[in-house]
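Open the model in your viewer and keep the sequence panel beside it. This tour moves from one selection to the next.

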Amino acid sequence: MFKNIKIQLVLLVLVLLNWSCANDEGNYDYNAINELNVTGIQEEYTVYNGDPFVIKPNLNPTLDDGSAKDRYEYEWVAVNPSKLASESRTTIATTKDYNDVLKLPPAKYTVYYFIKDKITGVRWQQKPFTLNVVSSIYEGWLVVGNVDGKARLDMVSIIPGSTNIRIINDVLNYSGSALKLEGKAVDVDCFTSALPTTSPTYGVYVTASESGTARLDPDSFGWVPTQNIAYETIGGALPNNFGVDFMKAVGLGGENFLYSNGNIYYYNKAQQIRYGLPQNKVETEAKNFYAAPFIAESVVSSPYNPVFFDRDLRRFLRFNTLKGSCSAMPPLVGSPTVLDWNNTNSDLVYMTSSDYNQGESFAVLKNLTTGKYQLLRFSPALLQTYFKEILNAPDFDKATKFAVSPDTGYLFYTVGNKVYEYDSGTQSAKLMLDKGNEEITYLGFSKRGKKEIVNKLLVGSYGTTGKLELYTVPPVNGNLILENSYSNLCKIVDVTYRVR
């Protein structure tokens with residue numbers, strides 16, 4: 001009984017309150033306040049860390065006649081979503097305009113612009129924008145070469161998705177790296193490596209003749225002595241200042257060859273094989289052979305048969321990655337005019353693997369008896385697909401650098417300041433570039449990086465400074481198409497792309 005009375009009283013009160021609100025026609029005055037309509041801020045920016053950065057917003061106030069000085073308070077806040085909430089927020093400015101050197105660590109930020117009207121007390125928040133802060137050494141071409149006879153590492157720094165290019169001379173000094181290159185430039189390479197006790201990581205390796213081969217921190221280019229490549233070997237099998245002549249990364253990472261002074265070393269993360277004893281040995285022979293400075297490592301198809309060349313006995317040998325030794329090449333298949341793998345009677349002038357024709361390898365040989373040059377091509381299964389004399393190739397005996405187009409299979413070679421393209425189908429060469437007074441110091445093809453640069457012909461030349469040029473190679477012996485040119489570099493010895 002009492003419970004029902006209480007409920008009825010509550011309902012009656014609610015009805016009376018609702019009626020009184022509905023019938024309240026009091027006199028209220030609503031005054032407009034100053035509003036801000038901010039313009040002049042883009043939706044996204046990409047900026048180098050450490051570079052000046054300027055944004056000058058227009059406030060467009062509705063009721064501000066400008067008589068009140070210092071009417072507004074400002075705050076620019078950058079939020080890094082990848083960090084913990086307590087660490088993600090950074091105030092980067094408290095001024096109307098942002099006009100300062102950007103000191104945020106490289107990352108993708110969401111930036112908020114807050115304005116407080118001190119007269120009305122209203123705080124306005126503008127639509128946030130994206131700020132991509134990238135390191136000036138984030139991505140681009142790494143170029144090792146010489147300046148006044150001494151090694152130097154330069155970089156052509158490229159902001160992803162931008163046309164912003166920066167030439168950084170002596171990038172080790174620029175980045176504050178402790179590594180000092182000593183001697184002459186030898187090699188630079190970037191690939192996904194697998195260090196002995198860690199998961200696969202990106203490796204940036206640079207070699208000079210006296211300081212040896214060192215692995216740089218891939219983001220800061222920092223270095224400590226334990227990052228010398230000797231620390232990636234079995235129990236100090238190599239000296240601390242060990243240096244490679246070149247490196248050959250295989251597959252998607254964790255597998256790599258080193259070549260140094262006639263010896264080849266091998267690393268395989270999956271098979272737990274670390275750099276140690278030289279692999280240039282035949283399983284049935286006691287003495288190691290002196291390997292020519294070339295490796296045909298094609299892994300386009302199975303079986304996987306890396307090929308070495310014995311410089312002294314002038315024979316091709318196939319390497320067994322599991323056994324860590326070499327054996328004779330498979331029996332000859334085809335016409336009697338194919339090359340005898342085990343008795344070539346030739347010096348190996350050049351050899352490389354290519355993506356051309358499902359992974360063919362190319363070898364240029366000079367016959368000891370005739371002095372003539374011959375081109376050999378063979379498949380990943382070690383079947384010889386082509387073996388003919390190189391004809392109609394001007395000054396081929398004076399050629400110093402070679403490269404094979406992965407798209408067309410054309411053999412490029414340099415003579416002095418000229419670049420020729422040899423077509424094995426027509427057995428003739430065409431002059432493609434004449435650099436005039438410039439010396440050609442590097443020739444190669446890009447293998448890693450963005451699709452815009454993969455398979456481009458790379459030409460390094462030197463006049464008063466070093467220059468790197470990228471060319472597209474058209475089919476049917478078409479003229480080279482210049483895509484990019486970067487000047488003010490060292491005298492280029494080797495080139496690689498620091499990819500992301």
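What follows is a list of stops, each with something to select and what is there.

**Ground rules**

This is a predicted model, where local features need pLDDT of at least 70, side-chain atom pairs count only at pLDDT 80 or more, and totals for chains, interfaces and linings use all residues. Residues are numbered from 1 along each chain as its sequence is written, and side-chain values use heavy atoms, with hydrogens and water left out.

**Stop 1: confidence**

Color by pLDDT, the predictor's confidence in each residue, from 0 to 100. The protein averages 88, and 89% of the residues score at least 70. Now select residues 1–17. Their pLDDT is below 50, and beyond near neighbours in sequence this stretch has zero contacts in the model (contact means heavy atoms within 4.5 Å). Where pLDDT is low, the predicted coordinates should not be read in detail.

**Stop 2: the largest nonpolar core**

Select Phe-316, Leu-348, Met-351, Phe-396 and Tyr-413. Of the 33 residues in the largest nonpolar core, these touch the most other members. A nonpolar core is a set of buried Ala, Val, Leu, Ile, Met, Phe, Trp, Tyr and Cys residues joined through side-chain atoms within 4.5 Å. Buried means under 20% relative accessible area, exposed over 50%, and partly exposed in between (1.4 Å probe, protein chains only).

Helices (H or I, at least four residues) and strands (E, at least two) are DSSP runs, numbered from the N terminus.

Center on Phe-396. Leaving out residues up to four places away in sequence, Phe-396 touches Val-364, Tyr-373, Ile-390, Phe-402, Leu-411 and Tyr-413.

Then jump to a second, separate core. This core has 24 residues, including Val-38, Ile-55, Leu-104 and Tyr-113.

**Stop 3: strand E2**

Ile-55 also belongs to strand E2, residues 52–55. In a regular strand the side chains alternate between the two faces of the sheet. Here Phe-53 and Ile-55 form the covered face, while Pro-52 and Val-54 form the uncovered one. Strands pair if DSSP finds at least two bridges between them. Pro-52 has Val-101 as its bridge partner in E5.

**Stop 4: salt bridges**

How many salt bridges does the structure hold? The count is 24, where a salt bridge is a side-chain nitrogen of Lys or Arg within 4 Å of a carboxyl oxygen of Asp or Glu.

- Select Arg-500 and Asp-219, which meet at 2.9 Å, N to O. Arg-500 follows strand E33 (491–498) and Asp-219 sits in the loop between E14 (212–216) and E15 (246–249), so the pair ties together parts 281 residues apart in sequence. Arg-500 is partly exposed at 42%, and Asp-219 is partly exposed at 43%.
- Select Arg-377 and Glu-360, which meet at 2.8 Å, N to O. Both are buried.
- Select Arg-71 and Asp-64, which meet at 3.7 Å, N to O. Arg-71 is buried at 10%, whereas Asp-64 is partly exposed at 21%.
- Select Lys-435, Glu-438, Lys-467 and Glu-469. Salt bridges that share partners join them into one network.

**Last stop: cysteines**

Select Cys-190, buried at 0%, and Cys-326, buried at 1%. A search of the whole structure finds zero disulfides, a disulfide being a pair of cysteine sulfur atoms within 2.5 Å.
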